[in-house]
Amino acid sequence: MRIDGLQYANWSEKIFRQLREGRVDAVHVTIAYHETFRETVLNFERWNRWFETYSDLIMKGTSARDIDVARKTNRTAIFFGFQNPSPIEDDIGLIEILHTLGARFMQLTYNNQSLLATGCYEAEDTGITRMGKQVIKEMNRVGLVIDMSHSADRSTIEASELSKRPIAITHANPFEWSPALRNKKDDVIRAVTQNGGMLGFSLYPHHLKDKSACTLQSFSEMVARAADTYGVAHLGIGSDLCQDQPDSVVEWMRTGRWTKDIDFGEGSAAAPGFPAMPNWFQDNRDFGALETGLRDVGMTAQEVAAIMGGNWYRFFNENFDAQQP
């Protein structure tokens, strides 16, 4: 089983076919960065057309059971998520509506302070806000997973403590391996995993040691060390693959509508666009290389299977449905 905990590709028939060539059974797809509720609904609508047009390749996923169906019918189940809480605007009632439409993950922040929590680019981390505490309760109730991938340390730790259900960092790596601002320190990863949450390892070059030049062996050794440290049951892949996106999209990701200036985020004025992916992971057909890399550093077949998809499957199965009253 192969499940990717996050992608933001420029979706097309080509990529849908590559998902099948790579035997990717399910993928969490970002459908909102800075979009309003109405704009997010239009993104759901676009995906509904793709589900109709490419029904032989992809299907909508809302529960782990849909992954079983996808595997039996040789398709990829698509699960939706937001990298910002902008789709709920300032209305807690929209959480249940968006979950009904198919959303299964929502980040409490992108890189900035939100109405709910603090992003990792802010100088001061004030933690979960008053509204954030209420939103966490409501997300727990309906089965919308709290994702803290772009959140600051205190906010992430507080979210893991406040949430009655496990939370996720869908796409990041350990800070001690690669000290990128977006990567997570030991106490943050422990706070998430000790409460049953998940860490998805990112393949986005800005999160990798040596960036685009990162080797498969280096990445695989990092995964193996994390398994020893945090327990293999709490780890998966969250590739953060942004395949075929134009550089104008990375500008939207970083600046949205909140600034008139250029914000280079993890990039720079000298290299403002998307970074080149490492040569061993270019697209969804390369998931087999990941499996080989993990085996080559001494991980067992059972451990590799858990990280490549089994752990995400369990997490989806336990956290996408509404809480019982």
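The model is predicted, with local features needing pLDDT of at least 70 and side-chain atom pairs pLDDT 80 or more, while totals for chains, interfaces and linings use all residues. Residues are numbered from 1 along each chain as its sequence is written, and side-chain values use heavy atoms, without hydrogens and water.

I placed Thr-255 in helix α9 (residues 247-255) (helices are DSSP runs of H or I, at least four residues, and strands of E, at least two, numbered from the N terminus). Thr-255 counts as buried because its relative accessibility is 6% (buried: under 20% relative accessible area, 1.4 Å probe, protein chains only). I noted a polar atom of the Thr-255 side chain 2.7 Å from the backbone oxygen of Glu-251.

I next checked α4 (residues 94-101) and α5 (residues 130-142), whose axes come within 10 Å and cross at roughly 35 degrees (axes: lines fitted to C-alpha atoms over the stretch in contact, with angles from 0 to 180 degrees between N-to-C directions). I listed Ile-95, Glu-96 and His-99 of α4 and Val-135, Glu-138, Met-139, Arg-141 and Val-142 of α5 as making the contact.

Last, I examined α10 (residues 287-296), where Phe-287, Leu-290, Glu-291, Gly-293 and Leu-294 are buried. These residues line one face of the helix, because they fall within an arc of 160 degrees seen down the axis of α10 (arc: from the directions from the helix axis to the C-beta atoms). I found them packed against β1 (3-7), α8 (216-230), β9 (235-237) and α11 (301-319).

Key. Contact = heavy atoms within 4.5 Å. Buried < 20%, exposed > 50% of the residue type's maximum accessible area, 1.4 Å probe, protein only. Polar contact = N/O pair within 3.5 Å; in protein donor to acceptor, adjacent residues only side chain to side chain.
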